[in-house]
Amino acid sequence: MSACGRHLPLQAGCRLSQRARGTMESIPSGLGHLEGVVAEAVKVAIDFGYRHFDCAYFYHNETVVYLPREVFGENSMPQYPEGLNLDYLDLYLIHWPMGFKPREKDIPLDCNGMVIPSNTSFLDTWEAMEDLVIEGLVRKVGVSNFNHEQLETLLNKPGLRFKPVTNQIECHPYLAQKNLIDFCHKRNVSVTAYCPLAKMGVDLLDDDVVQKIAKKHAKSPAQILIRFQIQRNVIVIPKSATPSRIRENIQVFDFELTEKDMEELLSLDKNLRLTTFAPTKNHKDYPFHIEY
Ligand SMILES: NC(=O)c1ccc[n+]([C@@H]2O[C@H](COP(=O)([O-])OP(=O)(O)OC[C@H]3O[C@@H](n4cnc5c(N)ncnc54)[C@H](OP(=O)(O)O)[C@@H]3O)[C@@H](O)[C@H]2O)c1
């Protein structure tokens, strides 16, 4: 794919649109959890040209969003895709490499506030995912939040029937993920960047370097951060419930960052992870104990 293209090739002739949008908590501040807001934001995004929507059982909004979606542990699988009134899913991800004890709650916690694990492994979950492909319910399967050792374990699984097409990971200039991206790309696994704007209590959009590059290209800081990922051949899923921003976030195919811009953005890396999922730190498969 060229740096200005709009699709990334996946294995077996399939392509994944870079015109992508996340949907986690897609509610503008002050409006509360209104499903209509999410549905409206998705409609607006389709009108602006988005074709790749990321949602999850965990976000409790998947019935008003479309594809792909992620499986959270092994609990949610039987509900899909029938629960979505769809014949099949384009892409189905294991949301985290950790299985939790099935319970009424999405994240079962013990009295210390730590997650209660199941004794499954992500390799068991993967076999169930592969069955869905064979049954025609899912076209492609992938993973999220896998570190390089977990991905290697999966790729080396004896009898692997389908390779993961993508690893969806937190990625922005403060957590550039160079090693993990190189590792994935060398193995023909695409990378999808979540939290690309790093808005959770961090001021990446106000960073002097980002602001300077944005001014130079007459683009917004968010557009610079989205374009940064596209030029690394990384799929990027910014989330917005604001129509003007939904539009702004897809207007990133009419300019190019220079090599120096890219280097400057990469130099901001400080290994700052925003999504640590702290209650799962004791889990045997917690992915962030190793460097990448
Ligand atoms: N696999 C995983 O474990 C995982 C974890 C986290 C996220 N995700 C996925 O990744 C998606 C994106 O991540 P995220 O929502 O955490 O972070 P994000 O996309 O980096 O940031 C979202 C925030 O940025 C604001 N925003 C959007 N466009 C903007 C713009 N042009 N200028 C200024 N602010 C802008 C949004 O506000 P408004 O909505 O008010 O516009 C929202 O507050 C999620 O929706 C979800 O689908 C996956």
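# Contacts, strands and helices in a predicted model

In this predicted model, 67% of the protein chain's contacts between residues at least 6 apart in sequence join residues at least 24 apart.

Visitor: How many helices and strands are there in the protein chain, and what percentage of its residues is buried?

Guide: The protein chain holds 8 helices and 10 strands. Of its 292 residues, the buried ones make up 41%.

Visitor: Is strand S8 largely enclosed or open?

Guide: Strand S8 covers residues 166-170. Thr 166, Gln 168 and Glu 170 point one way, Asn 167 and Ile 169 point the other way, and all are buried. Because 5 of the 5 residues are buried, the rest of the structure leaves S8 largely enclosed.

Visitor: Which residue of S9 is the bridge partner of Gln 168?

Guide: S8 and S9 run parallel and are joined by 5 bridges. S9 is itself mostly covered, with 5 of its 5 residues buried. On one side these are Ser 190, Thr 192 and Tyr 194, and on the other Val 191 and Ala 193. The bridge partner of Gln 168 in S9 is Thr 192.

Visitor: Which residue of S8 is the bridge partner of Ser 144?

Guide: Strand S7 (residues 138-144) runs parallel to S8, and 2 bridges join them. In S8, Ser 144 has as its bridge partner Gln 168.

Visitor: Is Cys 195 buried or exposed?

Guide: Cys 195 sits in the loop between strand S9 (190-194) and H5. Its phi is positive, about 50°, although it is not a glycine. Most residues other than glycine have a negative phi. Because 23 C-beta neighbours lie inside 10 Å, Cys 195 counts as buried.

Visitor: Where is Asn 233 found, and is it buried, partly exposed or exposed?

Guide: Asn 233 is another residue that is not a glycine but has a positive phi, of about 60°. Its place is the loop between H6 and strand S10 (235-236). A residue needs 20 or more other C-beta atoms within 10 Å to be buried. Asn 233 has 17, so it is partly exposed.

Visitor: How are H5 and H6 oriented to each other?

Guide: Two packed helices are described by the angle between their axes and the distance between the axes. The axes of helix H5 (residues 208-217) and helix H6 (residues 221-230) come within 8 Å and cross at roughly 95°. Angles of 65 to 115 degrees count as roughly perpendicular. H5 and H6 are therefore roughly perpendicular.

Visitor: How many nonpolar, polar and charged residues make up the contact of H5 with H6?

Guide: On the H5 side, Val 210, Gln 211, Ile 213 and Ala 214 take part, meeting Pro 221, Ile 224 and Leu 225 in H6. These residues divide into 6 nonpolar, 1 polar and no charged.

Visitor: Which residues does Gln 150 touch, beyond those up to four places away in sequence?

Guide: Gln 150 lies in helix H3 (residues 148-155) and is buried, because 21 other C-beta atoms are within 10 Å. Its C-alpha atom is separated by 9.5 Å from that of Leu 123, 27 residues apart along the chain. Not counting residues up to four places away in sequence, Gln 150 touches Pro 97, Phe 122 and Pro 287.

Visitor: How do the residues around the ligand divide into nonpolar, polar and charged?

Guide: The ligand is surrounded by 28 residues, of which the closest are Gly 22, Tyr 194, Leu 197, Ala 222 and Lys 239. The shell divides into 12 nonpolar, 11 polar and 5 charged.

Technical notes. Residues are numbered from 1 along each chain as its sequence is written. This is a predicted model: local features need pLDDT of at least 70, side-chain atom pairs count only at pLDDT 80 or more; totals for chains, interfaces and linings use all residues. A residue is near a molecule or strand if its C-beta atom, placed from the backbone, lies within 6 Å of it. Ala, Val, Leu, Ile, Met, Phe, Trp, Tyr, Cys and Pro count as nonpolar, Asp, Glu, Lys and Arg as charged, and the others, Gly among them, as polar. Helices (H or I, at least four residues) and strands (E, at least two) are DSSP runs, numbered from the N terminus. A residue is buried if 20 or more other C-beta atoms lie within 10 Å of its own, exposed if 12 or fewer, and partly exposed in between; C-beta atoms are placed from the backbone. Two residues are in contact if their C-beta atoms, placed from the backbone, lie within 7 Å. Axes are lines fitted to C-alpha atoms, for helices over the stretch in contact, and angles run from 0 to 180 degrees between N-to-C directions. Angles under 35 degrees count as roughly parallel, over 145 as roughly antiparallel, 65 to 115 as roughly perpendicular and the rest as oblique. Two strands pair if DSSP finds at least two bridges between them.
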